[in-house]
Amino acid sequence: MFRRSVAAIAGVLATLGADPCRAQGLPQSVGEEVALGQSVSGLPCRLRMTRDNKDTGSQVWAVMCEGWSSAAATINREPERRWKPETILADSPWAKRLLEGTYDCAEPRPSRVAGDIDTLVRGCKLKDGGWPGVMLGAQFGGRIQFASGAPDVMPQLEATLALMAGKPVPATGGSKQALQDYNVKLLQATLGAEFRNVGLLDVQALRNFYRLTIELDNMRDNVGSEATALRWLEAVERTFGRDSAHSALPLTLLGLQTGRQFRYQDSDSYFRRADALVRQAPDQNTFAYHLTHKSAIALQRGDVVEARRLAEEAVAFRRERLGQTKGGFLAHALHGLANATAGTGDLAGAERLHRESLANYQAAFGNVHFWTGRKLTDIAAVQLSQNRQRDAEASAREAVRIFEIVHGPRTTTVEALTVLGDIQLRGGNADEAMANFRKAARYAAGNRDGRAQLRVGTLQRYYNALTPADGKPATGAQADEMLAALQIPVDPVVGRAVTLMSARLAAGDARVRDLVRDHQEASRRAALLRASLGRADSEEGDEAQARQQQLTAEIAAAESRLQRLEQQLQAANPRYANLTNPPPMGAAELGRHLQPGEAVLQFASGGQATYVVLLRDGKATARRATIAFAELQKRVDALRAGVEWARRGQAAYDTVAAHALYQLLVGPLDAQLDGVRHLIVVPSGPLASLPPALLVRRAPTGADYGQAAWLMRDMAVSVMPSIAAIAELRTNAGASSASQPFLGIGNPRFTGSGDAAAGLAQLGRACRPQDGRIDPALVRGLAPLPDTQDELKAIAAALKAPANSVVTGAAATLSDLRKRDLSKVRILAFATHGLLPGDLPCQAEPALALTPGAKDDDGLLNASDIARLRLDAEWVVLSACNTAGADGAARGGQALSGLVRAFLYAGSRAVLATHWDIASEPTVALTTGTFRAYAAGAGRAESLRQSQLAMLGNPSTAHPVFWGAFVVVGEGGR
């Protein structure tokens, strides 16, 4: 599309502003343009002729404004026929088309523009999003003029009508402020003082956020879709205010995306906010979407009855209330009902609904589209459940063909390939099945932009093919393949610590930064081309075939460019490339990074199984444990209930359950752990909230905690956020050169009651961060932590650090922290409240609470702030974080890791983090004992183990609540 620079347009506008009565003609040929002043929100605009039909006398112009790729308004001019101004806004083909598909409008009202041009005006709202619109009709010079578009370009519509009437452009004043004042007055005079303008760029942004959220959802990019929906919600709230009906759809989609990431507390919160708004949403389809999305998450959580109820209500609402008897809207509701019906076991009914949904999608979008591929995948799954092997394979093959056209090597194609492979495996065709599984794995591992969205469940069929169903271990090539395959999914929270470290490398390397940007743009272009190819593939004829061939060539060129950019990234900075998109490591390569006596234990849970791989002495052993994600979460919650300080009271820790979980997960591999001195655990999902030391290797013989066979009794245990982090930290993280032994920050000046939970609850309810900051008074209202001052002083004494190494009270602020050269600190400790997103719903990222400072300092040290610190630390200590949710459920381990990974990114070798709050005295004993052992030469994980064993040997501190909270995350072997 032809674009003119801002400077060039501004020059023409300056001329127009200097001589407001200067005669200026309309563009008279298609493509010709003239400058037309600024919109109400200040964007330079121009008028372009887009149609001139000599036979009918019909002419069309478009108002094009800087920053927009589409017209902000269109103006039609027609010979006088049967329409008058009062009928053209309702009965003309243009008006009917807009009223049927685009606008909901108020009744026409008389107005006047350009001094004396009588017009009729209808204030409207776009059905898609509710953004303001306007329709104008006027009759003069033997012609009818009809205009529609955004109210922001009302000055351009007035100027155009003036030019059509042969009048000079209305005077607007010479200064920029005078021009702005005139534009605002014109808008209010024409549409009414109550009519609210929305800037063109705001509308464009809102539309783009909406489209991108949906497209990323279609590609199963739940993390990207959530991030875009958050930006969409922020833009809506900035434009229309908080909790307006315009927020309903982004809130609903946030409920869907967080639910798909198993963050059910967040999902429930978003859905509850949407519940109050969806019936008043500008687009009535929002309510049906809301029901369907809630049904999907209910089904995922196993509530089949509620899922079907919601899905049936959505279908009924579309058919009975909205009159949708066919088309894509109805297809979406039928899709949700089909899935819920399959969940009840009614396979015949599910297939009927799936096929009805498919037929509607094909009629709406053609045969080659994301949704047609999705429906064929669903149908294949139902057919397989009915033992219709041949039908299922045919459906799955067609789904793969469609996804490879419209999405290429993205998550949807990966999933379709695993469905096809599973069908083939069940049919006895193991060779072709494994070929499709491995193709899916190659697609997933090679997709730099898509790996962060891949979940364990997406590749579950592949993992099942590599591990026996009876739980027996797999060894040799199968286990080695499993080790590599489990590294492909990236946990959205836990598994991205090393990716954050890479940002520091790119920030100081302009070439890497530019290559990353180019790669992202090339990836988006390839995705758009594939979407175009999907539409073209549904068309017939020579012209369509030529278009398909052209698009295929362009896609090949775009993907070739992606490969070249990946290679250039590797050449420019191999460390950066390997951190952001690390190739999965095999057993031999990973083994080279381990010391004698070390082993790696990797867990991954998704869907109906949990997968475990043990690597020792360069050899891998893999198994499948028959424990579903939801059941694993329940067991972790139950174990955590016995150790959380605030809830423990006289509760016992269930060592029998801890042993049962260990047996279920690791049991058949236990003998291989004999003789291991340091075990590196790579957890994910629920296991991120359970310190591995709390697992029990052998069946308890009594209630004496001091005699239990805790895992840490036999070996030192540390945690890594990913397999790639092992190689990265051991390759690049040498010894610290920091000269200052210790800096401790704690006991911030909080003035709340002693009830920490109540303070957090009040903060969560009141928090409304429109500008990214919250009211400092809410942070000050947290419960005081006076004991943390003694804790830090005790650690400082153990490390022989000077008295001024401890910063507390009013001095423990963000501004003080930022003034310090933290790169000189060898051990950095924070003893304060750790705020996780579950504690503070409006806080998008985890944070540490410090003393609030000035008005713009709310006291929250966010993960993004931490990532910008410059550290050269051996340790960072976090001694007051809590990974329990508000309901006591242990679902915050991944959120805690947001803080941990930020410190790893900032330059710490390891983080000593606590999973629950414990009393001051055992905290001091544990941490000082750990650092004494470390100063004596023990490795980090071994230092923690020795301190834990000392506490375990004392009956008064043998309960795991006292010693089990801390874990070493990062480099634990040195």
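Guide: Helices (H or I, at least four residues) and strands (E, at least two) are DSSP runs, numbered from the N terminus. The model is predicted, so local features need pLDDT of at least 70 and side-chain atom pairs 80 or more, while totals for chains, interfaces and linings use all residues. Residues are numbered from 1 along each chain as its sequence is written, and side-chain values use heavy atoms, with hydrogens and water left out.

Visitor: Ok. Which helix has Ala340?

Guide: Ala340 is in helix H12, residues 328-343.

Visitor: Buried or exposed, that Ala340?

Guide: Ala340 counts as buried because its relative accessibility is 0%; the cut-off for buried is under 20%.

Visitor: What does Ala340 touch?

Guide: Leaving out residues up to four places away in sequence, Ala340 touches Ser295, Leu299, Val304, Ala307, Arg308 and Ala311. Contact means heavy atoms within 4.5 Å. Leu299 is 41 residues away along the chain, with a C-alpha separation from Ala340 of 6.5 Å.

Visitor: How does S11 pair with S12?

Guide: S11 and S12 (residues 619-625) are antiparallel over seven bridges, and Leu614 has Thr621 in S12 as its bridge partner. Their hairpin also has two residues between the strands, and Asp617 there takes a positive phi near 55°.

Key. Buried means under 20% relative accessible area, exposed over 50%, partly exposed in between (1.4 Å probe, protein chains only). Two strands pair if DSSP finds at least two bridges between them.
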